Amino acid sequence: MADTPALLIRDATDDDIPAIVEIVNHAIRNSTSMWETQETTLEARLEWLHASQASGFPVLVAQMPDGNVAGYSSWKMFRPFSGYRHTVEHSLYIAPAYKRQGIGSALLQALCERAKAADVHVMIAGITSTNIASRKLHERFGFQHGGLLPECGTKYGRWMDLLFLYRIMSPV
């Protein structure tokens, strides 16, 4: 039996943007994991990628052995005040065809490693409270419950609760 090439986690490039747009737009159209109702565009996501890179924020993709992008993860500044400069809020999305294959774990592991190397003290995840898979994934990586904001978002005509999870990445 021949070895199967491994999943590759790498920095995103402009060439990955069409796949990222597909992943994002699928989440917008079909889930409450992203509280957006307007689909994104190639231009908007290219601008996001370039702004993230210019700020030193990672945008990682999970590339399958066949070259397909199966998911992405990134982070941004948690809040725009200097006191939060060591705290980031991250995002992680997987293409529907690749869910439940360990790709989320690989992306989150890589993002946590980047956070430690970048002197990030706290990583925060804002998750729709009903997204059990995302909550369990984060808990496996040591994220703890940080609070619940009831009915602070809406999509598909219903109110949604926002669950904050956090992980302290470096010692106090």
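Me: Which secondary structure elements make up the protein, and in what pattern do they follow along the sequence?

Reply: Helices and strands are counted from the N terminus. In this predicted model there are four helices and seven strands, and their order along the sequence is β-α-α-β-β-β-α-β-α-β-β.

Me: How does the radius of gyration of the protein stand against that of a compact globule?

Reply: The idea is to set the value for the C-alpha atoms beside a rule based on the number of residues. A compact globule of 172 residues would have a radius of gyration near 16 Å, and the protein has 16 Å, so the two agree. Along the principal axes, the C-alpha atoms fill a box of roughly 50 × 40 × 35 Å.

Me: What share of the residues counts as buried, and what area does the protein expose?

Reply: A residue is called buried when its relative accessible area is under 20%. By that criterion, 40% of the 172 residues are buried.

Me: What part of the contacts joins residues 24 or more positions apart?

Reply: Among contacts with a separation of 6 or more, residues 24 or more positions apart account for 63%.

Me: How many aromatic pairs does the structure hold, and how is the geometry of a pair read?

Reply: Two rings pair if their centres lie within 6.5 Å, and planes over 60 degrees apart make the pair edge-to-face. The structure holds five such aromatic pairs. One of them joins F78 and F164, with 6.5 Å centre to centre and 85° between the planes, an edge-to-face arrangement.

Me: Which parts of the chain does the pair of F78 and F164 tie together?

Reply: F78 belongs to the loop between strand 3 (69-77) and strand 4 (87-94), whereas F164 is in strand 7 (residues 158-168), so the pair connects parts that are 86 residues apart in sequence. F78 is partly exposed, at a relative accessible area of 23%, and F164 is partly exposed, with a value of 23%.

Me: Is the pair of F81 and Y84 stacked, edge-to-face or tilted?

Reply: The pair is tilted, because the planes stand at 50°, with the ring centres 6.4 Å apart. F81 is partly exposed at 47%, and Y84 is partly exposed at 28%. Ring pairs link F78, F81, Y84 and F164 into a cluster.

Me: Where does R45 lie relative to the ring of W48?

Reply: Such a contact is judged by the distance of the charge from the ring centre and its angle to the ring normal. R45 lies over the face of W48, 4.4 Å from the ring centre.

Key. Residues numbered from 1 in each chain as written. Predicted model: local features only at pLDDT ≥ 70, side-chain atom pairs only at ≥ 80, totals over all residues. Heavy atoms only, no water. Phe/Tyr/Trp six-rings, centres within 6.5 Å; stacked < 30°, edge-to-face > 60°. Helix = DSSP H or I, 4+ residues; strand = E, 2+ residues; numbered from the N terminus. Buried < 20%, exposed > 50% of the residue type's maximum accessible area, 1.4 Å probe, protein only. Lys NZ or Arg CZ within 6 Å of the ring centre and 35° of its normal. Rg over C-alpha atoms; globule rule 2.2 N^0.38 Å. Contact = heavy atoms within 4.5 Å.
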